[in-house]
Amino acid sequence: MTIATTVADQGEQLVITISGRFDFSAHQEFREAYESIEPAPGRYCVDMREASYIDSSALGMLLLLRDYAGGDNADVQIVNCNPDVRKILSISNFEQLFTIH
Amino acid sequence: MADPIRVLVADDNDVDRMLLTTIVRKEGYEVQEAVDGFDALRKFVEHRPQMVLLDAMMPGLDGFEVARRIKEQAGEEFVPIIFLTSLTAADELARCLDAGGDDFLSKPYNKVILKAKLNALHRMRTLHVTMQEQRDEISRHHAHLIQEQEAAKAVFDNVAHTGGLDVPFVRYLISPLAIFNGDVLVAARNPAGDLYVLLGDFTGHGLTAAIGAMPLAEIFYGMTQKGFTPGEILREANRKLLGILPKGYFCCALMLVFNFHKGTVEFWNGGLPPAVLMRARGHDLLHLTSSHLPLGIVSEERFDASTRVLEMAAGDRLLMCTDGIIEARDARGQAFGFERFDQIIGAAAADSPFDRLKQAVYRHMGASGRDDDLTLVEITMVTPEQLGRDAAPVEPERPAGSEDWQLSYELGPRSLRASNPLPLLQHIVMEVPQLRSHASAIYTVLAELYSNALEHGVMGLDSSLKASASGFSDYYQARARALEALDGFVRFEFACQIDGSRGSLRIRVRDSGPGFDHAARIRELSLEPRGTAYFGRGLRLLNNLCHSLEYRGCGNEVEVVFAWSDEADGAIERRAAR
């Protein structure tokens, strides 16, 4: 599992790219990925193109990001999910909390 | 200053032995001498030296055999052995180490090398002792932790017990990954006898899950027994979990309410795999999919507790599991998956797929172990007759209660939309000691009267919609829409009169609706064979449970009476005594 970040749109958006299994082992790294960016961008995008699997603790980490990004006012997108990842997100009805493409 | 290290020097050659003893003693070690193999073993047992210098060639028992026996004696303790030898061939020296020696020293002795080897082996020994002490401490801590967890688990099991599931029509499997299980399964009957089941899966295992599960179970049991609706219980559970769980932790949950009289199941799924409804007749599988966020994520304002109701005939089965089953992996990392789950249920025809599912999951995982909690539940719908009259909580003592009282309670539109008056009204009626053993019948009657007044009276919904299975779900959708827009009232009037050994409770319910042709309706019902229609079951039920039932005026007012006498052994007198 690796996590890479890129800042896009003149510092307005942070793209976090996940590769491999997104599970509890990513906890620390995922948090650092968004907490270390100063100043905090207005929008976040989690790119799952390379993510093979997510578990419920990863869902928890996404909730933490959403909370960090402003809770109900957060602008967090989750993009490029494979069908397995998409299914996990749908069962938990995370469409209600995130913009999922 | 610590005690000096004890060293055993075993050599049958007196000169060599004395020489060696002198050198070792000068280094500050305490020396025991042994003159041959047997003597060495004796001295080892007697003095328990911490290091041994051993001549390889001794008469009787040679050094190799002595080394083997010393190592055996020492057990877990690390006793370094240095072989003293005049042998020089590589394979002979190797033999020393094979026999359990840790090093060797060639004769004639080099003092500097001897000292260095003694010190090096002493350091190794100290390291070994430290490691063992740490290992022992860890295992002591571990044992302590296990003991504490077992005690905590006993508390946990008392709170989140599965007592309500020990009935013949429910089968379940709960297989904990750790002592504490991330899964929660609780079940209880509400005052009307409906079976409430809550299956939950907390993120993570162990303590966090168990800490969240306890209030969840308490809310579930407390509110179910008081007669709250599933929506109200879910709201409270969500509120509580949101408050106590750390951010990022939540609970996927499936709540089910089985009404055996009406033959329905009401459900709410927030984040659990779809429960599967298999019909006793027909092969179609119906999925009760998740359409809500799990518990403990969003605030009260955003939480959606709306449920769906499905018709469920006797013999229909409902299967539910947590994602531990779906994600159970085989040796190659392949998940069990939804498809396999459905396939096995589909292939079961009318039989119970429970055992086959369980075996298939275990077979799938093989020896690869389990990486989540496995919980599987099967509930088969039964008729009220099969269910048997449930032994309502027995209240042997009869403390004095109110004897003559009246109460009027009117709910306006906002209360009708947002609140459920049943727990409060049930509580008031239970103030009458003679009625306590009939809690179930009374709750059922209150619930029927209220839903008739609200749904057909105030909201004007047509119950004949429920005549087909598809209309059945239309009905509940229409109900949700009408509730948003409703205007009107429902008024309850209670009058209780107790006169010595006899007494009665009269409940009158009036609604703001236009009423209905009750005379015609009751005639119709008396012609239909029992249980063939989807609607009208409520009215029949009422008729069977109370002493009398009477519609008044244009049909927007109904009165039921419960009457009892102590001569009848506390039994409620029923007009239609079946």
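How many residues does the contact take from chain B, and how many from chain A? Chain B gives 15 residues and chain A gives eleven, where two residues are in contact if their C-beta atoms, placed from the backbone, lie within 7 Å. On the side of chain B that touches chain A, seven residues are nonpolar, seven polar and one charged; here Ala, Val, Leu, Ile, Met, Phe, Trp, Tyr, Cys and Pro count as nonpolar, Asp, Glu, Lys and Arg as charged, and the others, Gly among them, as polar.

This is a predicted model, in which local features need pLDDT of at least 70 and side-chain atom pairs count only at pLDDT 80 or more, while totals for chains, interfaces and linings use all residues. Residues are numbered from 1 along each chain as its sequence is written, and chains are lettered from A and ligands numbered from 1 in the order in which they are written.

Chain A averages a pLDDT of 91, with 100% of the residues at 70 or above; pLDDT is the predictor's confidence in each residue, from 0 to 100. Helices (H or I, at least four residues) and strands (E, at least two) are DSSP runs, numbered from the N terminus. Five strands of chain A make an open sheet of mixed pairing in the order S1-S2-S3-S4-S5, and two strands pair if DSSP finds at least two bridges between them. S1(A) and S2(A) run antiparallel and are joined by seven bridges, and A:Ala8 has A:Gln13 in S2(A) as its bridge partner. Helix H2 (residues 56-68) of chain A packs on the sheet, where it touches S2, S3 and S4 of chain A, and its direction makes about 175° with that of S3(A); axes are lines fitted to C-alpha atoms, for helices over the stretch in contact, and angles run from 0 to 180 degrees between N-to-C directions.

Chain B also holds an open sheet of five strands, with antiparallel pairing in the order S7-S8-S9-S10-S13. Strands S7 (183-189) and S13 (308-311) of chain B each have a single partner strand, so one side of each is left without a neighbour in the sheet. Four bridges join S10(B) to S13(B), and B:Val265 stands opposite B:Leu310 in S13(B).

Elsewhere in chain B, the axes of helix H13 (residues 422-429) and helix H14 (residues 439-458) come within 10 Å and cross at roughly 140°. The residues of this contact comprise eight nonpolar, one polar and no charged.
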